[in-house]
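Subject: Structure handover

Hello,

Here is the structure for your files. My notes on it follow below.

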Amino acid sequence: MPRVLLIEDDAAVRDGVTLALRRRGHEVAAAASGEEGLDVLPGFRPDIVLLDLMLPGKDGFEVCRLIRAERQLPIIMLTARGDDLDVVLGLEAGADDYIVKPARGEVLEARIRAVLRRTALPAEGTPAAAEPGPAPVETYGELAIDRAGLVVGKGGQDLALAPSEMKLLLFLSATPGQVFSRQQLLEQVWEHSYHGDARLVDACVMRLRTKIEDTPRSPRYVQTVRGFGYRFGPL
């Protein structure tokens, strides 16, 4: 079962989430502050982080950015409201998804599994499964995509992509030139079968562009088709 690092300052929420996840077989490390969570993270080596946004001291936005600077772990942010600026800022800081509190144990479990399925990245310290033979590296301009190795490079340098950024790029680049609506991307990449939050897609595209594009405001790779959605190329 996935190892979960929970960073939440509200003791009642922290205890409730911890109990719900442990009942479902997860190993959980719980931290009451951002500083404590950052201290626990290297030794615990979680598969996913549940991160409250409104933390004392280092808030969830700063903690998310600090984790992203060092590791590409899946991060789900916990927020008291799903329709405010905090969600946008959290996604822009690097979170892969969000859950509105309070959430039932089955909702937490389903979202954790969905995020881990779609990221499809090996846990830290775990080698990727061996492939029967070397797969060709796809080249698009200066961008090189190794699907088997889950490695993306530009100009000969590997890029550190968050799990959701990697999955989105792999999905779009599989069919260059094909346009996908935000709802299609939510269903295919985020596995949100309901009418999900388009902010997940827009924030992920924005973060991805800052890493792969020479000029994010004039993207060459991940392009916007106004009124429809996004596509990869054509170059």
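At roughly what angle do the axes of helix H2 and helix H3 cross? The axes of H2 (residues 34-44) and H3 (residues 60-70) cross at roughly 20° and come within 10 Å. Axes here are lines fitted to C-alpha atoms, for helices over the stretch in contact, with angles running from 0 to 180 degrees between N-to-C directions. Gly 34, Leu 38 and Leu 41 of H2 and Val 63, Leu 66 and Ile 67 of H3 make the contact, where contact means heavy atoms within 4.5 Å. Five of these residues are nonpolar, one is polar and none is charged (Ala, Val, Leu, Ile, Met, Phe, Trp, Tyr, Cys and Pro count as nonpolar, Asp, Glu, Lys and Arg as charged, and the others, Gly among them, as polar).

Before the rest, the conventions. This is a predicted model, in which local features need pLDDT of at least 70 and side-chain atom pairs count only at pLDDT 80 or more, while totals for chains, interfaces and linings use all residues. Residues are numbered from 1 along each chain as its sequence is written, and side-chain values use heavy atoms, with hydrogens and water left out.

Overall, the protein has eight helices and eleven strands, which are DSSP runs numbered from the N terminus (helices H or I, at least four residues; strands E, at least two). Of its 235 residues, 46% are buried (under 20% relative accessible area; exposed is over 50%, partly exposed in between; 1.4 Å probe, protein chains only).

Asp 52 is found in strand S3 (residues 48-52) and is buried, at a relative accessible area of 3%. An unreviewed UniProt entry lists Asp 52 for "modified residue: 4-aspartylphosphate"; such annotations may be inferred rather than shown by experiment. Not counting residues up to four places away in sequence, Asp 52 touches Ile 7, Glu 8, Asp 9, Gly 60, Leu 78 and Lys 101.

Glu 165, in helix H6 (residues 163-173), is also buried, at 1% relative accessibility. With the sequence neighbours up to four places away left out, Glu 165 touches residues including Cys 204, Arg 207 and Lys 211.

Regards
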